[in-house]
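Please look over the sequence and the fold before reading on. The briefing below goes topic by topic.

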Amino acid sequence: MLENKVNYNGISFPVTLDQIAKIENQNKINFNIFSFSESKNYIVPYHISKNNYDKNCDMLFVSELVNVDDDGKKSHYIKSHYVLITDLSKLLFNQNGKGKRRLEYCVRCLQHFSCKERLDTHLTLCNKLDI
């Protein structure tokens with residue numbers, strides 16, 4: 001498993017977004033973080049790696065606002081977690097409205113394609129953009 005091989009030296013937990021670049025550089029792994037936009041009801045890119053390492057790790061960042069009532073004193077905090085995405089195409093299966101066949105997705109812009117060859121052509125252009 002990848003989590004057993006990742007070097008977390010110098011990383012404090014819970015891991016914040018500003019520490020992702022350090023984890024990437026220490027481990028030579030591209031980390032792409034996605035989140036769920038409740039307003040759009042879609043999975044959206046949250047952090048897309050600018051590196052070009054051989055290994056990739058896609059994660060879904062989930063968060064929830066938790067309200068606390070402690071003896072009449074109300075407060076809240078955000079509970080969050082990173083979840084491993086093992087297959088981005090399966091996660092996004094119903095997002096494009098088609099839902100009939102497997103599509104290939106660009107991790108940078110989430111544009112979908114019917115085959116890997118079209119995705120590869122797109123990636124040569126999309127990787128040049130500063131997203």
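What follows is a short tour of the fold, the strands, the backbone and the cysteines.

This is a predicted model: local features need pLDDT of at least 70, side-chain atom pairs count only at pLDDT 80 or more, and totals for chains, interfaces and linings use all residues. Residues are numbered from 1 along each chain as its sequence is written, and side-chain values use heavy atoms, with hydrogens and water left out. The protein has three helices and six strands. Here helices (H or I, at least four residues) and strands (E, at least two) are DSSP runs, numbered from the N terminus.

**Overall picture**

- Reading from the N terminus, the elements run α-β-β-β-β-α-β-β-α.
- The C-alpha trace spans about 60 × 40 × 30 Å along its principal axes.
- Of the 131 residues, 31% count as buried. Buried means under 20% relative accessible area, exposed means over 50%, and partly exposed lies in between (1.4 Å probe, protein chains only).
- The accessible surface comes to about 9400 Å². Carbon and sulfur atoms account for 51% of that surface. Areas come from the Shrake-Rupley method with a 1.4 Å probe; for residues, only the protein chains shown count as cover.
- Among contacts between residues at least 6 apart in sequence, 34% join residues at least 24 apart. Contact means heavy atoms within 4.5 Å.
- There are 18 positive and 15 negative charges, and their mean positions are 7 Å apart. Lys and Arg count as positive, Asp and Glu as negative; His and the chain ends are not counted. A charge is placed at NZ of Lys, CZ of Arg, CG of Asp or CD of Glu.

**Strand pairing**

- Two strands pair if DSSP finds at least two bridges between them.
- Strand S1 (residues 29–37) and strand S2 (residues 42–47) run antiparallel, joined by five bridges. Phenylalanine 36 has isoleucine 43 in S2 as its bridge partner.
- S1 and S2 form a hairpin with four residues between them. In that turn, asparagine 41 has a positive phi of about 60°.
- S1 also pairs with strand S3 (residues 55–70), in the parallel sense, over seven bridges. Asparagine 30 stands opposite asparagine 56 in S3.
- S3 and strand S4 (residues 73–85) pair in the antiparallel sense over 13 bridges. Phenylalanine 61 has tyrosine 82 in S4 as its bridge partner.
- S3 and S4 form a hairpin with two residues between them. Aspartate 71 in the turn has a positive phi of about 55°.

**Leucine 60 in S3**

- Leucine 60 lies in strand S3. Its relative accessible area is 14%, so leucine 60 is buried.
- Leaving out residues up to four places away in sequence, leucine 60 touches Phe34, Ser35, Phe36, Ile43, His81, Tyr82, Val83 and Ile85.
- Leucine 60 and serine 35 are 25 residues apart along the chain, yet their C-alpha atoms are separated by 5.5 Å.

**Backbone exceptions**

- Most residues other than glycine have a negative phi, and most peptide bonds are trans.
- The peptide bond from phenylalanine 13 to proline 14 is cis, with omega near 0°. Proline 14 lies in the segment before helix H1 (20–27).
- Lysine 28 has a positive phi, near 55°. Lysine 28 sits in the loop between H1 and S1. Its relative accessibility is 48%, so lysine 28 counts as partly exposed.
- Leucine 110 has a positive phi, near 65°. Leucine 110 sits in the loop between strand S5 (104–105) and strand S6 (112–113). Leucine 110 is buried, at 12% relative accessible area.

**Cysteines and histidine 122**

- How many disulfides are there? With a disulfide defined as a pair of cysteine sulfur atoms within 2.5 Å, the count comes to zero.
- Cysteine 106 is in no disulfide; the nearest cysteine sulfur is that of cysteine 109, 3.7 Å away. Cysteine 106 is buried because its relative accessibility is 0%.
- Cysteine 126 is in no disulfide either; the nearest cysteine sulfur is that of cysteine 106, 3.7 Å away. Cysteine 126 is buried, with a relative accessible area of 3%.
- Histidine 122 is placed in helix H3 (residues 116–126). At a relative accessible area of 18%, histidine 122 is buried.
- Histidine 122 touches Cys106, Cys109, Gln111 and Phe113, not counting residues up to four places away in sequence.
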